[in-house]
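This report takes up the overall build of one chain and then the surroundings of a single residue in another. The structure is shown first, and the description follows.

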Amino acid sequence: MSAASHPPVSPWRQALAAWRLRHHSKLRTMRLYAFTFSRSLSSMIGLGLVLLFFFLVLAGPWIVPYPEDATGSVNLDIKLQPPSAEHWFGTDEVGNDIYTRVVLGTQVSFQIGLIVVSIAMILGIPLGIIAGLSGGWLREVIMRVTDVFLSVPGLVLSLAIVAVLGPGILNAIFALALVWWPGYVRLIESKALSLKSEPFVDAARAVGAGMPRIIFFHILPNCVSPIVVKGSMDMGLAILAAASLGFIGLGAQPPHPEWGAMISIGRNYLPDFWWYSTFPGIAIYLTVLGFNLLGDGLRDILDPKTRSR
Amino acid sequence: MTIRICHFPRLVTALVFAGLLVGTLVVGSAQAFERAGEKFILVFGGRQPVPLLDPSQKYDWSTRMMQQAMYDALVKYENDPPVIKPWLAESWDVSDDAKVWTFHLAKNAKFHNGDPVNAEAVRFSFERTLKINKGPAWMLSDFLKPEGVKVVDEHTVRFELSEPFAPFLSFLPWWYVMNPAQVMAHQEGDDMGQKWMTDNEAGSGPFKIKRWEQGVLYELEAVPDYWKGWPQKKPLAGVIYKLIREAASQKAALQKGEADIVEGLSPEDFDIVAKLPGIKVENHAGMTTFGIKFNVSQPPMDDINLRKAVAHAFDYEAFLKIYNGNAKLQTSPFPFATQGHIDVPNFPRRDMAKAKAYLAKSKYPNGGIELEYVYVQGLEEERKMGLVLIDNLKPLNIGIKMVPLTWPNMKARGSKMETSPNMLAIFATPVATDPDAVAFQYHKDSWGKYYGTHYYSNEEVWGLIEKARKSSSWDERAPIYAEIQKKITDDQPEIFGMLANRRWAMRDYVKGFKFSPVRFTGEVDLYSLEIGK
Amino acid sequence: MALFVIKRVALLGLMLIGLILIMFTISHVAPGDPAGVAAGPDATAEMIEVIRKEYGLDKPLPMQFWIYLGDVFQGDLGRSIRTTHDVTDDLLRYFPATFELVGVAMLIAIFFGVPLGMLAAVFRDKGADHAIRFVSVSSVALPMFWLGLLLQLFVSLKLGWLPLGGQIGLMTERPEPITHLLLVDSLLRGQFETFREAFAHVILPAIALSAPALAAIIRVNRAEMIEVLHQDFIVTARAHGISSFRIVAIYALRNAMIPTLAMIGLRFGWMLGGTVLVEGVFDWPGVGLYAVQSAVNSDFQPVMGATLLIGFSFMLANFAIDIAYGWLDPRLREAG
Amino acid sequence: MSAALLEVRGLTRHFRVRDGFRQHRTAVAVDGIDLALRAGEAYGLVGESGSGKSTVARMILRLLSPTAGTMVFRGQDITALQGEALMRLRENIQIVFQDPHASLNPRKTIFFSVAEPLVIHRGLRGTALQNRVEEVLEIVGLSGNFLYRYPHELSGGQKQRVCIARAVALDPKLLVLDEPTSALDVSVQAQVLEFLRDLKARLDLTYLFISHDLSVVRHLCDRVGVMYLGRIVEEGAVAKVFSAPDHPYTQSLLSAVPLPQAKQPAGRIVLSGDVPSPMAVPSGCAFHPRCPRKIGAVCETERPSLDSRPQGRRVACHL
Amino acid sequence: MAEPAPLLEIRDYSLSISTFDGVLKVLDGINLSIAPGEAVGIVGETGCGKSITVKSVVGLVPSPPARVEAGSVRFDGRDITSADEATIRRIRGQEIAMIFQDPMTYLNPLFTVGRQLRDVIQAKDRLKPQSERRDKRSIQAKAVELLSQVHLPNPERQLDAYPHQLSGGMRQRVLIAMALAGAPKLLIADEPTTALDVTIQAQILDLVKDLVERLGMAVLVISHDLGVVAAICQRIVVMYAGTVVEDATTEALFENPKHPYTRGLLAAIPRLDGSADSLASIAGTIPNLIDPPRGCRFHPRCAEAGETCRQAKPPSLEGAPGHWVACHIYGGGVG
């Protein structure tokens with residue numbers, strides 16, 4: 001057999017083949033994940049809802065019929081009209097298209113969810129690692145402070161914070177992030193604590209691995225699954241919490257199309273103008289449902305304890 | 001792992017059974033509302049609590065409604081247009097310089113505990129309010145010192161003002177008379193009974209407290225032998241003020257007959273309930289003006305041309321639309337019911353050509369600025385006005401930043417010239433029908449108050465205001481107030497808005513409703529009401 | 001045990017101080033002027049000063065904290081600046097209603113959550129399981145204020161089955177207080193009509209409030225039941241011919257109840273938090289509504305008081321759960 | 001007697017144990033043991049659960065610090081080594097744990113696990129690293145296509161080989177084997193044991209072999225120490241100790257093992273009672289409550305010392 | 001041979017379990033019989049199916065995912081292959097008792113020993129006619145009696161103890177006491193001593209042996225440890241990958257092992273007396289049961305395998321009296 005008889009193999013292809021060999025196991029695991037995930041109807045519904053949500057976040061301004069209605073425009077002549085062909089979800093008290101506002105509300109919710117969860121992770125994960133690995137007084141201090149924060153229901157604490165700072169989307173985000181991080185400390189601390197006594201961590205110590213190495217190569221990679229699962233769930237819950245603040249009147253302010261605030265205003269028009277508070281409510285429900293189902297599905301595939309049947 | 005369970009139906013049965021149990025408890029429990037005894041108790045469904053009953057400490061519409069029911073003042077506002085009627089005072093004299101006022105008290109007036117209402121009680125009540133220096137104290141504190149109230153005899157009391165004050169009488173309906181014996185019996189420290197008076201009354205009015213459940217309801221009981229008697233054939237047995245915070249609940253309560261009068265519905269809801277059988281809506285022009293105050297002391301709103309541009313760009317019709325026609329646009333800085341109101345000629349209305357012309361003359365000929373619009377968080381109508389502003393000012397290339405603040409924070413912002421926002425939405429109800437009560441809002445001494453956040457400055461106007469309040473002759477005062485209205489309009493310290501109608505929805509058997517525009521938004525005079533069933 | 005309790009109580013006190021510190025810190029970065037609020041709309045500068053002195057707002061911060069801390073431990077939570085009421089009095093007045101609401105909601109959540117979780121575990125991956133899981137996930141995702149509005153709309157307004165809001169009918173006299181809990185008092189006083197009315201009033205808000213807890217209890221109970229049913233000792237019981245019902249309803253349930261109990265404790269706190277949403281919707285005269293009303297008006301002392309009360313109740317609940325743990329789990333009951 | 005590679009004196013370890021609601025109690029896991037490993041030998045440490053044998057292993061690796069006692073490795077006191085010196089020690093002493101599955105990071109490839117010591121100590125990377133890892137895996141009999149697999153894809157025996165590969169990657173002098181085969185099936189155990197024997201010869205290793213399985217120790221080790229409740233009760237050459245145990249505990253231990261043969265030997269000693277808790281170690285000779293040959297009060301009051309007996313044996317018994 | 005009718009007889013029993021990866025052919029034509037009063041051991045490595053065989057027979061393997069593909073099970077003269085849950089439970093309760101590997105996890109940690117023991121006694125009583133059921137008092141007495149039967153010191157006091165308060169050996173005794181509650185005809189001991197220390201193991205083995213002799217019940221011991229089985233049993237069944245490869249008396253098995261797997265297994269065991277100089281190991285690994293090797297399931301690891309071994313499943317043949325081997329070599333079919 002001569003070399004000429006083969007078509008020349010492009011280096012790109014070679015690299016790909018090498019890459020596939022190296023990551024053979026990972027790819028297989030991914031395929032397994034995908035397969036397991038796709039077999040669960042509820043997970044797929046969750047994924048679908050979350051994808052829809054992200055689609056609306058990105059494409060919202062281009063697909064809504066009246067984008068200016070989300071930035072404070074007034075059409076008092078058509079206020080409070082029931083759902084119709086022009087206004088799928090009806091109009092609100094100043095004649096804005098509720099469909100437009102609900103769709104564009106995804107952006108507000110997405111911002112809130114993402115920022116709250118990110119801040120919570122940025123604060124919570126390092127503190128959790130420190131507390132879990134250090135032990136002694138440092139752990140005590142971190143965990144006790146965490147306990148204090150967790151001893152008040154998050155909604156009440158954020159209510160108090162917003163009450164002081166004044167209503168507004170930024171203050172709401174700040175307040176929610178401030179009450180959200182302790183959850184991550186708890187999660188990571190307990191995970192780190194149990195990982196710390198795993199033989200493979202002992203083994204790493206025995207071959208001379210230092211603290212940073214143990215944290216970054218042994219503890220953190222094994223915390224990824226619970227973080228991903230919690231993160232997904234928390235996206236939904238943070239959106240829900242922000243909507244709750246909006247409902248009380250302390251969250252996002254007009255003309256921001258925030259769902260909770262819309263329901264809050266809409267309830268003044270119940271029961272005769274039912275569509276006003278109904279559609280934002282459905283939007284919250286579906287979004288939170290989506291993130292929850294997705295989180296559940298991720299837990300099923302990432303957490304080996306529930307994976308084995 | 002699945003377990004084959006033969007006995008599981010047991011569990012299901014238990015669940016179903018429990019459900020049924022709950023069901024039997026509930027069915028039929030939503031019973032219709034009934035009135036007790038031969039007499040009727042009227043139920044008023046209101047949204048605002050009455051946290052603090054003491055007339056020396058606080059007034060707002062719900063509080064004053066209760067104070068008016070339980071206390072008497074020397075005089076009382078009634079009717080539309082409002083007139084001042086003798087009440088505890090049967091008559092009064094005033095010196096020519098409007099400095100000394102003498103009141104002759106009714107001889108049969110007595111407090112709920114039987115003590116007579118005498119000159120000493122009046123003196124004590126004024127002294128108490130002035131000393132505590134809260135609530136209505138500001139109305140008179142500049143002219144009346146505690147020492148200025150003199151007991152002449154058992155039934156005569158004299159007020160000696162430190163300087164002439166023509167509108168004196170118009171403020172007196174809000175100065176209620178309390179029983180000194182009861183108040184001082186509950187003094188803690190030197191609080192003059194403030195703590196006790198929060199949830200208790202010591203009045204002589206037509207009603208007294210029966211139940212006082214903070215945050216839930218307040219029940220009043222009629223005083224059968226009220227010293228002034230009852231105007232109606234079949235007086236009420238009492239009134240329940242029920243806190244119903246949600247519009248939907250208010251409507252439902254009204255429909256089911258669980259409430260007889262409700263206030264504070266949205267304009268749409270009033271229109272809807274008006275069409276329902278058995279329900280009528282009282283609809284009256286009020287004295288509350290809605291305006292958007294500019295801060296004229298700070299850039300950019302110190303530029304009169306910008307102010308005029310904004311005022312001419314604003315769509316005044318939107319007010320009428322928001323209220324479904326149940327509002328009246330202002331034609332002067334003064335409300336219609338104020339004495340001496342005139343229709344100011346060329347009062348600003350929407351005119352984009354003019355608006356652009358004014359803008360061109362201003363320092364911001366091409367717009368490009370963003371103005372802050374501060375309003376009370378939770379006030380629907382103010383929020384909508386904000387949205388209207390955004391919409392209206394877009395063509396001028398002026399942006400609006402809507403900032404909802406709680407009332408206290410908003411007041412805090414407005415209390416300093418530097419922090420007072422570009423635009424501030426204010427509902428203001430003058431406490432008296434005398435024009436001074438409105439005109440004085442544009443005086444330097446009002447700066448920093450919630451109605452003085454414009455920091456309006458015009459020496460000439462100030463002079464006129466001072467001159468008018470010292471004169472006791474109406475003929476002399478009337479032209480001055482006409483002049484004041486025109487001058488203020490010229491200076492455009494605010495967008496002069498509208499006066500929204502006051503509306504109450506009530507069952508059609510509620511009779512004896514007497515409207516008076518000088519009362520606050522939801523405030524009803526409970527004294528004359530009856531149930532005609 | 002005594003030592004344990006003492007330590008826990010000490011910890012409780014420490015956490016309470018921590019909470020007070022957090023709340024105090026939060027409250028003192030406030031931009032508004034509390035004294036100005038109290039003085040009322042037409043107050044003059046000197047009127048405001050009077051109030052500032054009266055509320056001790058003129059003292060330095062650490063001083064104010066120290067005073068506040070002392071006051072809290074004497075049961076004095078300050079005064080509302082808006083209403084001049086004693087916050088402690090207000091809270092005492094409103095708390096029984098909240099407690100009752102949360103109690104009923106928790107009973108609903110447990111009463112339905114535990115059996116449903118069990119059913120779902122037993123019929124894992126069958127229709128019933130899917131249906132129950134759907135209910136569970138939905139209950140989390142439904143905003144409870146919106147659920148409350150829907151319930152009002154359909155059950156009260158449309159069907160007219162249950163009252164729209166409030167704790168009791170207008171004309172109904174409250175029973176002479178014994179426990180200050182309406183449901184309990186009306187029963188103790190033998191006023192069954194009042195009880196029925198109060199019960200009818202509590203159902204809808206309690207359902208709205210219980211939704212997330214119901215979901216959580218179902219979820220935990222299901223997961224734990226599945227886990228427990230996989231355990232070896234279940235095999236022992238089955239191998240000895242003990243009936244399936246007994247195995248599931250007694251053996252496995254007791255084991256699954258331990259984590260469920262932890263969830264219940266956690267949810268108790270969240271429910272207390274949920275009252276700020278639900279009480280407003282249903283006009284329920286409780287602490288949550290009080291907190292929201294105060295928060296919206298920047299009246300901070302009541303918000304602080306309510307937060308402390310809710311936090312403290314939550315801590316107490318968890319304390320109780322810890323004790324209940326010992327009762328359920330002999331491994332912890334050990335030793336005196 | 002050649003110089004000891006590792007010499008342990010009075011090694012002691014206490015644990016603070018949480019016991020229900022009650023607060024901490026002290027458990028004596030290791031109670032002052034003396035031990036000397038000669039270079040090139042395989043020393044077996046046997047005992048039942050709770051005897052403290054694994055704690056000894058962890059202390060030698062400095063994964064746990066001793067409560068008391070000293071450890072000298074190749075003439076250097078390693079009891080309190082820190083930093084750089086500790087790193088160097090870990091090049092020379094390595095450990096293989098009981099559960100091969102748990103001792104491999106489930107999120108990392110085999111390559112990562114085996115490479116880890118090489119990266120840390122030798123700073124290898126790239127091809128050099130790859131070559132050395134393959135070489136080491138070759139030593140333990142695993143060919144290169146295992147490199148990018150994850151632990152869950154390997155069988156128990158393969159995983160244990162990976163663990164051994166990681167342990168020998170740095171050419172250590174002493175290998176501590178903590179029950180390396182107890183999680184494995186008999187046939188796999190046989191493979192691993194044979195391989196360990198072979199490896200020791202090839203790499204010139206010294207083994208500290210910890211096990212509860214007497215037959216395995218008998219098969220692999222030269223000398224054996226028997227532990228009971230944190231103390232060594234008997235020590236000596238494997239063949240001697242197993243054929244003629246001196247300590248009553250050793251005797252009953254050996255006698256208790258059911259043999260895979262048709263006829264079980266007659267006269268088995270079956271001890272009564274349970275092993276006492278390390279939180280309540282009996283006074284005197286810790287074995288006295290169960291001892292079938294207790295001679296009297298001295299056993300209850302006086303702790304027997306580990307005395308040297310002929311043929312290099314040591315026994316701690318009053319007999 | 002005049003053997004008594006077997007107490008338990010498993011014939012050509014095949015079982016499959018469906019999993020995520022596919023259908024596991026867990027058991028393939030198992031034959032096993034136990035005579036009354038006989039002590040039989042099953043040995044084999046992890047995954048050979050020894051545990052699932054008995055669990056399946058007594059209905060402790062949930063179905064689905066498990067499915068009996070073929071075969072029959074007779075117990076005490078009755079065919080129980082497809083008996084309903086109630087029947088199986090009756091047999092489990094009354095006639096077959098089981099003890100398991102880890103005595104800690106097989107006792108409910110939240111209930112006292114007494115409660116669990118009384119529940120078991122009561123459950124067994126329920127299967128009897130009303131008149132024979134015990135009252136509360138005699139249930140308690142029975143519980144005490146059972147505990148003393150397994151030589152648990154202070155039986156009355158131990159009834160109030162929780163499992164965690166007992167040592168491993170004591171827990172195993174409690175489990176044995178539970179097993180004895182119904183006076184079973186057959187005791188199945190699934191790895192009864194694996195979690196125990198050697199000295200405790202000896203105690204339990206002694207106890208079991210003693211009980212078998214005293215009560216005259218049959219016992220089936222499942223273990224991976226040939227020593228444990230040898231200590232109790234008269235007959236040993238060797239399993240490999242879901243098949244029975246050899247079935248012989250203890251003596252015959254150790255003296256004259258026939259199947260290559262049995263021989264490999266014996267050669268792999270390190271000896272306490274040091275008699276094994278080097279350990280032989282069986283090459284290769286346990287096959288994947290989703291797609292097991294055709295023919296003899298051992299053939300890929302068998303040094304002596306021939307073509308027949310790759311093609312046909314070897315029948316079980318009685319090479320010597322009572323010594324059954326499933327191997328083509330002994331059927332003369334290797335070629």
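## Terms and model

Helices here are DSSP runs of H or I with at least four residues, numbered from the N terminus. The model is predicted, and the values below are computed from it.

## Chain E as a whole

Chain E holds 12 helices and 12 strands, and its C-alpha trace extends over about 70 × 50 × 45 Å along the principal axes. Because a compact globule of 335 residues would have a radius of gyration near 20 Å, the 21 Å of chain E agrees with that description.

Of the 335 residues in chain E, 58% count as buried, and among its contacts with a separation of 6 or more, 66% join residues 24 or more positions apart.

## The setting of B:His312

In chain B, B:His312 belongs to helix H10, which covers residues 304-313. B:His312 counts as buried because its relative accessibility is 5%, where the cut-off for buried is under 20%.

A polar atom of the B:His312 side chain lies 2.8 Å from the backbone oxygen of B:Lys308. When neighbours within four places in sequence are left aside, B:His312 is in contact with B:Pro348, B:Arg349, B:Arg350, B:Asp351, B:Met352, B:Lys354, B:Ala355 and B:Tyr358.

Terms used
Residues are numbered from 1 along each chain as its sequence is written. Chains are lettered from A and ligands numbered from 1 in the order in which they are written. This is a predicted model: local features need pLDDT of at least 70, side-chain atom pairs count only at pLDDT 80 or more; totals for chains, interfaces and linings use all residues. Side-chain values use heavy atoms; hydrogens and water are left out. Helices (H or I, at least four residues) and strands (E, at least two) are DSSP runs, numbered from the N terminus. The radius of gyration is taken over C-alpha atoms; the globule rule is 2.2 Å times the number of residues to the power 0.38. Buried means under 20% relative accessible area, exposed over 50%, partly exposed in between (1.4 Å probe, protein chains only). Contact means heavy atoms within 4.5 Å. A polar contact is a pair of N or O atoms within 3.5 Å; within protein, one must be able to donate a hydrogen and the other to accept it, and residues adjacent in sequence count only if both atoms are side-chain atoms.
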